[in-house]
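Subject: Structure for you to look at

Hello,

Please find the structure below, followed by notes on what was found in it. Keep it open while you read.

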Amino acid sequence: MTRILAIESSCDETAVAITEDGKLLSNVVATQISVHEKYGGVMPEVASRLHCENIPFCLKEALEKANLSFSDIDAFAVTRGPGLIGCLHVGLQAAKTLALLYDKPLIPVHHLAGHIYANEYVGELKFPLLCVVVSGGNTELVLMERPMQFRIVGETKDDAVGECYDKVARVLGLPYPGGLPIDKAAKEGKHAYDLPTPASPDGEYDFSYSGLKTAVINLVNSLKMKGEPVSVPDMARSFQDVAIGMVVEKASKAAFAFGVKQVVLAGGVSANSYLRERMKEIFEGSPIELLIPPLWCTTDNAAMIAKVAEHLYEKKVFAPLTLGVDPNWKIDHYLEF
């Protein structure tokens, strides 16, 4: 019987989860959205301080829900990166302290690997597979030919798709984070504005969202200066058609080109209803299986970190207590620490 306690603190969610032989015993998340929404984005210094305040309570609640104590835990897992450096430090120091006090292994987990392996809560990963990783800080197509092996075949060269959503939401007067408000508004609008689809900057599977973001901002400002009304639903629909269209087009092209058995969605933007619908349309009836994570697993949480840690525990992939965070840790350099 193996029990793993995992900690996630890469951005603005403080999370602790405990698993026992793959079964999720507890999953506690303390979100900071209400604090950061007034700024229209995450304030790193504020987020770090709130992690310090929240983590003792999250640890206590996770243990109580699992009906366990620290001495019952076999290993402590933690997100090492990528993420905000101050936030990552809070989680890592907590995990290192517990590993030292209870003389248990420390397991370093890549945040994006967590989002990918969160899909194991709903289905089996079948290799080779293509991971469509879309979030506020990342937009990547990751090829996995076997478990725990990651190769980036496409990535954004500037803004991530989730970051683009947040900035467009801000100019449209919609709340932060912008993903859900834009997705909701788009359902009531039509594609009425002509927005550019950025060309692939380097490779055919790479992304660029900076130009799309700028085009929306410039168009909204231009209409306002002319005294013309801006239809928020129509702008949201026009933007989403292009933003999600790029993901669907490149993901489907890569999936068939690499001959994968499965495509999995991962990251916060994988909660987008339009993305889910479009991906289902593309792969319905094809030999490629589509795996979509449950909504509770699309936002940052520690259950996904624990899921990766289970695999690493079996392989005895442990880190020394001298481990440091890596805010720019690339997933194709995973296990290099």
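The side chains of Asp 300 and His 111 are joined by a polar contact of 3.1 Å. A polar contact is a pair of N or O atoms within 3.5 Å; within protein, one must be able to donate a hydrogen and the other to accept it, and residues adjacent in sequence count only if both atoms are side-chain atoms. This is a predicted model, in which local features need pLDDT of at least 70 and side-chain atom pairs count only at pLDDT 80 or more, while totals for chains, interfaces and linings use all residues. Residues are numbered from 1 along each chain as its sequence is written, and side-chain values use heavy atoms, with hydrogens and water left out.

The binding site

His 111 has a polar contact with Glu 8 as well, side chain to side chain, at 3.2 Å. His 111 sits in helix H4 (residues 111–117), whereas Asp 300 is in the loop between strand E10 (289–291) and helix H10 (303–314). Helices (H or I, at least four residues) and strands (E, at least two) are DSSP runs, numbered from the N terminus.

Are these two residues, His 111 and Asp 300, buried or exposed? His 111 is buried, at 6% relative accessibility, and Asp 300 is buried at 14%. Buried means under 20% relative accessible area, exposed means over 50%, and partly exposed lies in between (1.4 Å probe, protein chains only).

Leaving out residues up to four places away in sequence, His 111 touches Glu 8, Ser 10, Thr 79, Gly 81, Pro 82, Asp 300 and Met 304. Contact here means heavy atoms within 4.5 Å. With the same exclusion, the residues that Asp 300 touches include Glu 8, Val 29 and His 115.

The UniProt record, an unreviewed entry, places the feature "binding site" at His 111, His 115 and Asp 300. They span 190 residues in sequence, yet no two of their C-alpha atoms are more than 8.7 Å apart, so they gather at one spot. UniProt positions are given in the numbering used here, feature names are shortened, and annotations may be inferred rather than shown by experiment.

Salt bridges

Side chains of opposite charge can pair when their charged atoms come close. A salt bridge is a side-chain nitrogen of Lys or Arg within 4 Å of a carboxyl oxygen of Asp or Glu. How many salt bridges are there by this rule? The count is 15.

One of them joins Lys 65 to Glu 61, N to O, at 3.1 Å. The two residues are four apart in helix H2 (residues 44–66), which puts about one helical turn between them. Lys 65 is exposed at 51%, and Glu 61 is partly exposed at 33%.

Another salt bridge links Lys 157 and Asp 206 at 4.0 Å, N to O. Lys 157 lies in the loop between strand E8 (151–155) and helix H5 (161–171), and Asp 206 in the loop between helix H6 (179–186) and helix H7 (210–225), so the pair ties together parts 49 residues apart in sequence. Lys 157 is partly exposed at 39%, but Asp 206 is buried at 8%.

Lys 213 and Asp 159 also form a salt bridge, with their closest N and O atoms 3.0 Å apart. Lys 213 is in helix H7 and Asp 159 in the loop between E8 and H5, so this pair ties together parts 54 residues apart in sequence. Lys 213 is buried at 13%, and Asp 159 is buried at 9%.

Salt bridges with shared partners join Glu 155, Lys 157, Asp 206 and Lys 330 into one network.

Regards
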